[in-house]
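Subject: Model for you to look at

Hello,

Here is the structure I said I would pass on. Please open it alongside this email, and my notes follow below.

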Amino acid sequence: MGARPSPEEARRPGVPTWTFPLLLAGTVAVVVALAGLGPGRGASAGAEPRVPAAGVAAGAAPDVAAAPSGFDARSTYLGDCAICHGVDGRGTSRAKAIADRGAADVDYALSTGRMPLPPLAERHVRIVRHPPRYSPPEVAALVAYVSGLGGGSGVPIPHVDLTHTDLAQGGELFRGQCAACHAWAGNGGALLNREAPSLHRSTPTQIAEAVRVGPGTMPAFGEAAFTDDDLNSLVAYARYLDHPRDRGGNALWHLGPLPEGMVAWVFGIGLLLLTLLWIGESAHSQPHTWRDP
Ligand code: HEC
Ligand code: HEC
């Protein structure tokens, strides 16, 4: 028998054999932690508190009769809106006509707090969600007044019924018609200059209003695009997106397939490389008996 290297000699000096198993264990721990822990919900959802539903529970039409005594819709309109939209609602150089836009549009604008703009707002200021200026009954009274200016024309407030909806159908419509702008998880996304907002704070009625009216740069979807049943399912799906079930484990903040792919590359490939190194290293530390028959 020739001189067989002792296990101590076979080891490369300076690299203890336990280094690679340790690294391997560390990587596995990180992957497991990522899969199990971490926030399940998207970061943008819940970042801001949900604005209280402006008087419109699912399906309930605003109760005009409940307008508070002492609230005068006409003088409120003249004081808060006429400077931009005109005394008769036919528009001015500062903002367009709203008289014939219909109840859905006015209710959307007021219940999401987008209107009224501050009187000195620039012509092309970004119009975004705010806490509503008026209480739900006041909104209802203003909606009735403004749509009355146009003789009640335009889109009426949709009646949302969430009792018989088809979530799968709603999901299909959402991914086909809405996700391009609002992102597949409804968290909102970037358009060219104008960001499409998150849907997590919208009430069911506001979602239906936005779909039928097409506020700002959003397209309107009439009955030809979605039947009322489609609309109900779409609204149900948008609601479902507030608390989606994440079947694949950690949702990675619902950022989509790109970060999920990154995790596969960084941790998956990393794990493979470490395993290969470890196998190579432990082969090194075995006595090479095959060379020495
Ligand atoms: C400082 C000016 C200003 C005031 C005050 C104001 N608005 Fe507006 N409003 C705008 C602008 C600007 C737009 C965006 C459309 C445009 O460019 O004309 C708009 C849009 C709207 C729309 C959506 C119209 C559409 O595009 O379909 C409604 C509805 C509306 N306003 C209602 C109101 C009501 C009701 C009030 C009062 C409570 C009010 N606004 C007060 C400037 C104003
Ligand atoms: C072309 C891009 C685009 C598409 C497609 C689109 N939206 Fe929008 N959406 C917007 C923009 C921009 C706004 C903000 C409008 C404004 O200024 O009030 C908006 C606003 C909304 C809001 C109001 C959010 C809030 O603040 O409460 C809802 C709800 C909504 N969209 C739902 C939908 C649904 C449902 C679909 C699919 C049927 C859809 N959108 C399709 C761009 C889009």
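To read the packing angles below, note that axes are lines fitted to C-alpha atoms, for helices over the stretch in contact, and that angles run from 0 to 180 degrees between N-to-C directions. Please also keep in mind that this is a predicted model.

**Helix packing: H3 and H6**

Start with helix H3, residues 73–80. H3 packs on H6 at an angle of about 80 degrees, and the two axes are 9 Å apart. Angles of 65 to 115 degrees count as roughly perpendicular. H3 and H6 are therefore roughly perpendicular to each other. From H3, the contact uses Ala 73, Arg 74, Thr 76 and Tyr 77. From H6, it uses Ala 141, Leu 142, Ala 144, Tyr 145 and Val 146. By class, this contact has seven nonpolar residues, one polar and one charged.

**Helix packing: H5 and H6**

H6 also meets H5. Here the axes come within 9 Å and cross at roughly 140 degrees. The crossing of H5 past H6 is right-handed. H5 brings Ala 103, Val 106, Asp 107, Leu 110 and Ser 111. H6 answers with Val 139, Leu 142, Val 143, Val 146 and Ser 147.

**Helix packing: H9 and H10**

What is the geometry of H9 and H10? Their axes come within 10 Å and cross at roughly 125 degrees. That makes H9 oblique to H10. H9 passes H10 in a right-handed crossing. On the H9 side, the contact is made by Pro 204, Ile 207, Ala 208 and Val 211. On the H10 side, it is made by Leu 231, Leu 234, Val 235, Ala 238 and Arg 239. Eight of these residues are nonpolar, none is polar and one is charged.

**Ligand 1**

Now the ligands. Ligand 1 is surrounded by 22 residues. The closest are Cys 81, Cys 84, Ala 95, Met 115 and Pro 116. Which of them gives the most? H5 does, with four residues. By class, the shell around ligand 1 has 16 nonpolar residues, one polar and five charged.

Two of the closest residues, Met 115 and Pro 116, are joined by a cis peptide bond, with omega about 0 degrees. Most peptide bonds are trans. Pro 116 lies in the loop between H5 and H6.

**Ligand 2**

Around ligand 2 there are 28 residues. Cys 178, Cys 181, Ala 210, Gly 216 and Met 218 come nearest. Helix H8 (179–182), helix H9 (204–213) and helix H10 (228–240) each give two or more residues to the shell. H9 has the largest share, four residues. The classes here are 17 nonpolar, seven polar and four charged.

Which domains supply the shell around ligand 2? It draws at least three residues from each of domain 2 (62–156) and domain 3 (159–245).

**One backbone point**

Most residues other than glycine have a negative phi. Ala 183 is found in the loop between H8 and strand S1 (189–190).

Best wishes

Definitions and conventions:
Residues numbered from 1 in each chain as written. Chains lettered and ligands numbered in written order. Predicted model: local features only at pLDDT ≥ 70, side-chain atom pairs only at ≥ 80, totals over all residues. Near = placed C-beta within 6 Å. Nonpolar A, V, L, I, M, F, W, Y, C, P; charged D, E, K, R; others polar. Domains from an automatic or database assignment. Parallel < 35°, antiparallel > 145°, perpendicular 65-115°, else oblique. Left-handed = near helix turned anticlockwise from the far one by under 90°. Contact = placed C-beta atoms within 7 Å.
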